[in-house]
Amino acid sequence: MKIDRISKDKLEEFIKMVDEAETIAIASHVNPDGDNLGSTLALRRSLELYGKDVEVIAIDTIDDYLLFLPEIENYKEASRDFYDLFIIMDCSEFDRIGSATPIARASKKTIVIDHHVGGKINCDLNLIYDTAPATCELAYEIIDKLDLPIDETIGTLLFTGLCTDTGRFMYANINEYTFNVAGKLITAGVDYEYIYRNLYQSQPVKVMQFHNEVISTAQFFDKKAFAIASKDLVEKYHVQMGDAESIVNKLRDLKEVEISMIVKEYDDGEYKVSLRSKFADVSKVARDNGGGGHIKASGFSIFDDSLESAAKKALEILKEI
């Protein structure tokens, strides 16, 4: 299937900026997920094989379930204070790239590659297309149309991002091109069973026990579900707060639930809220509260003095949806 999402002019501008840069950095949002790591690490490797000096800047810790990914060792601290070219992927807000923000601002040129609308970064080249279900799909399109190098490692990274950001190819934002890309990656040698096994069939018992306790205290009302994951529970089960993310999906998948929300307690008074839905557009709610994301999978943060207070505010937001 042919797709003309990224114009020829923009692709030519992209490769021109790459060719003119001696140093290139790539960064994505805090709380790295499969699409975040898959797209950044895949593009880094492709541009490196193309002959460029490229770094992926680490701005947060990686959850254990993603440590199987190849190239993960290239997610590391920046080697300099600015670069000739800074590429921001899977987000379009400077405050979402954490410690990399001043480096991005100081760099000579910037490119944004994203599939979330509503970003406010003023960059030299904007490649934001909300018709793409994953940034990995955009990365593949760039690599494919520009005949940049691609190998099995790059394919594994791209397939992982496609899989995680489409909910195992279940969300409504996928299209024929998405399956076409996945098929081409499998034909190229990607071991999709290995990826599925690591993503979905390797959960430790302690994580399941953690999920069970969080879900046991969840509230259900008006076809909605509301749950809270505290730092105390994370410590009790010796898990990571990132392990709570899939709980909101489990709640959404219940027959009686159309919208689910979970509040996760982090340090420095930050409480991260994740939203999932079957039908409703929860991205608008997220954007209205300083966050963003997909139509049916979004999030935002609440800053407060206590988990109890933050949870109360989040619950009121859920009730209004």
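**Tour of the helices and sheets**

Start by selecting helices α2 and α5, whose crossing is left-handed (the near helix is turned anticlockwise from the far one by less than a right angle; clockwise would be right-handed). Helices here are DSSP runs of H or I with at least four residues, and strands are runs of E with at least two, numbered from the N terminus.

The model is predicted, so local features need pLDDT of at least 70 and side-chain atom pairs count only at pLDDT 80 or more, while totals for chains, interfaces and linings use all residues. Residues are numbered from 1 along each chain as its sequence is written, and side-chain values use heavy atoms, with hydrogens and water left out.

**α2 and α5**

Helix α5 covers residues 152–165, and its axis comes within 8 Å of that of α2, crossing at roughly 155 degrees. Axes are lines fitted to C-alpha atoms, for helices over the stretch in contact, and angles run from 0 to 180 degrees between N-to-C directions. The two helices are therefore roughly antiparallel (over 145 degrees; under 35 is roughly parallel, 65 to 115 roughly perpendicular, the rest oblique).

Show the side chains next. On α2, select G34, D35, G38, L41, A42, R45, S46 and L49; they meet T153, I154, L157, L158, T160, G161, T164 and D165 of α5. This contact has six nonpolar, seven polar and three charged residues. Ala, Val, Leu, Ile, Met, Phe, Trp, Tyr, Cys and Pro count as nonpolar, Asp, Glu, Lys and Arg as charged, and the others, Gly among them, as polar. Contact means heavy atoms within 4.5 Å.

**α5 and α6**

The crossing of α5 and α6 is left-handed. Residues G155, L158, F159 and L162 of α5 make the contact with T178, V181, A182, L185 and I186 of α6. Seven of these residues are nonpolar, two are polar and none is charged.

**α2 and α4**

D35, G38, S39, A42, L43 and S46 of α2 meet T135, C136 and I143 of α4, a contact of four nonpolar residues, four polar and one charged.

**The parallel sheet**

Now select the open sheet of six strands, ordered β3-β2-β1-β4-β5-β6 with parallel pairing (two strands pair if DSSP finds at least two bridges between them). Its edges are β3 (75–76) and β6 (125–128), each pairing on one side only. Strand β2 (residues 54–57) runs parallel to β3 and is joined to it by two bridges; I57 has K76 of β3 as its bridge partner. Helix α2 (residues 34–50) packs on this sheet and touches β1 (24–27), β2, β3, β4 (85–89) and β5 (109–114), pointing about 165 degrees from the direction of β2. Helix α4 (residues 135–145) lies across β4, β5 and β6, at about 120 degrees to β5.

I262 is bridged to S274 of β10.

**Whole chain**

Finally, zoom out to the chain, with its 12 helices and 12 strands. Its C-alpha atoms fill a box of roughly 55 × 40 × 35 Å along the principal axes.
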